[in-house]
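Here are some friendly notes to read beside the model. Take the points in order, and keep the 3D view open as you go.

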Amino acid sequence: MGKEEGSLPFQPRADDPLLGRLVDEATDDTVNVEVTTVDSFMEKHSVPGIMILKTDTEGNELDVLAGARKSLGAGLIQSVLVETSPWPRNRRHVALRDLLDFLTPLGFDLHGLYDPGFRSDGSMSFCNALFVRRGGAKG
């Protein structure tokens with residue numbers, strides 16, 4: 001899933017080629033994959049709504065959410081669980097502030113932070129953030 005439909009380079013992880021992340025530019029160690037959007041998928045498959053949208057896309061969470069903007073704004077998605085980081089320069093996780101800036105105007109509030117991962121110095125490296133639609137379902 002991404003912000004628009006098309007083909008993008010995917011960089012598999014060396015330790016598990018089924019895992020990896022979308023990257024901006026193709027290299028010798030990337031493969032092209034077809035990408036769709038949440039909005040397109042919901043429309044194509046007549047999905048009436050989503051109770052919880054979970055994304056763990058190694059730093060591409062905002063692109064996935066941008067591709068769901070229509071459904072998020074229309075109240076078709078009730079909650080979003082997304083991997084995030086308190087640190088703005090963590091390339092594998094979107095900064096929590098960026099998620100708040102994107103989801104709050106669309107009617108979502110931060111409900112809680114779960115499943116934290118910690119660095120060797122004891123500081124939190126990442127966690128899952130749960131955003132819930134303000135005021136319940138629309139429509």
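1. Which residue in strand 8 is the bridge partner of Asp109? Val132 is the partner of Asp109. Please keep in mind that this is a predicted model.

2. How exposed are the two partners? Asp109 has a relative accessible area of 33%, so Asp109 is partly exposed. Arg134, at 41%, is partly exposed too.

3. By the rule used here, the model has 3 salt bridges. One of them joins the side chains of Glu43 and Lys70, at 3.6 Å from N to O. Glu43 belongs to helix 1 and Lys70 to helix 3 (residues 69-73), so to find this pair you need to look at distant parts of the chain, 27 residues apart. Glu43 and Lys70 are both exposed. As a general idea to carry with you, side chains of opposite charge can pair when their charged atoms come close.

4. Arg97 and Asp101 pair up, with 3.1 Å between the closest N and O atoms. Both residues are in helix 4, and the 4 residues that separate them make about one turn of the helix. Arg97 counts as exposed because its relative accessibility is 51%, and exposed means over 50%. Asp101, with 44%, is partly exposed.

5. Now turn to the inside. The largest nonpolar core contains 21 residues, and Val38, Leu65, Leu72, Ile77, Val80, Leu103 and Phe131 have the most contacts within it. Two or more core residues come from each of helix 1 (38-44), helix 2 (61-66), strand 5 (79-85), helix 4 (96-103) and strand 8 (124-133). Helix 4 gives the largest share, 5 residues. In soluble globular proteins, nonpolar side chains tend to be buried together.

6. Which residues does Val38 contact, leaving aside its neighbours within four places in sequence? They are Met1, Ile50, Leu53, Val64, Gly67, Ala68 and Ile77.

7. Finally, step back to the whole chain. The protein chain has 4 helices and 8 strands, which follow the pattern β-β-β-α-β-α-α-β-β-α-β-β along the sequence. Its C-alpha trace spans about 45 × 40 × 20 Å along the principal axes. For 139 residues, a compact globule would have a radius of gyration near 14 Å, and the 16 Å of the protein chain agrees with that. Of the 139 residues, 41% count as buried. Among contacts with a separation of 6 or more, 60% are between residues 24 or more positions apart. The accessible surface is about 8200 Å², and carbon and sulfur atoms account for 54% of that area.

How values were computed:
Residues are numbered from 1 along each chain as its sequence is written. This is a predicted model: local features need pLDDT of at least 70, side-chain atom pairs count only at pLDDT 80 or more; totals for chains, interfaces and linings use all residues. Side-chain values use heavy atoms; hydrogens and water are left out. A nonpolar core is a set of buried Ala, Val, Leu, Ile, Met, Phe, Trp, Tyr and Cys residues joined through side-chain atoms within 4.5 Å. Buried means under 20% relative accessible area, exposed over 50%, partly exposed in between (1.4 Å probe, protein chains only). Contact means heavy atoms within 4.5 Å. A salt bridge is a side-chain nitrogen of Lys or Arg within 4 Å of a carboxyl oxygen of Asp or Glu. The radius of gyration is taken over C-alpha atoms; the globule rule is 2.2 Å times the number of residues to the power 0.38. Accessible areas come from the Shrake-Rupley method with a 1.4 Å probe; for residues, only the protein chains shown count as cover. Two strands pair if DSSP finds at least two bridges between them.
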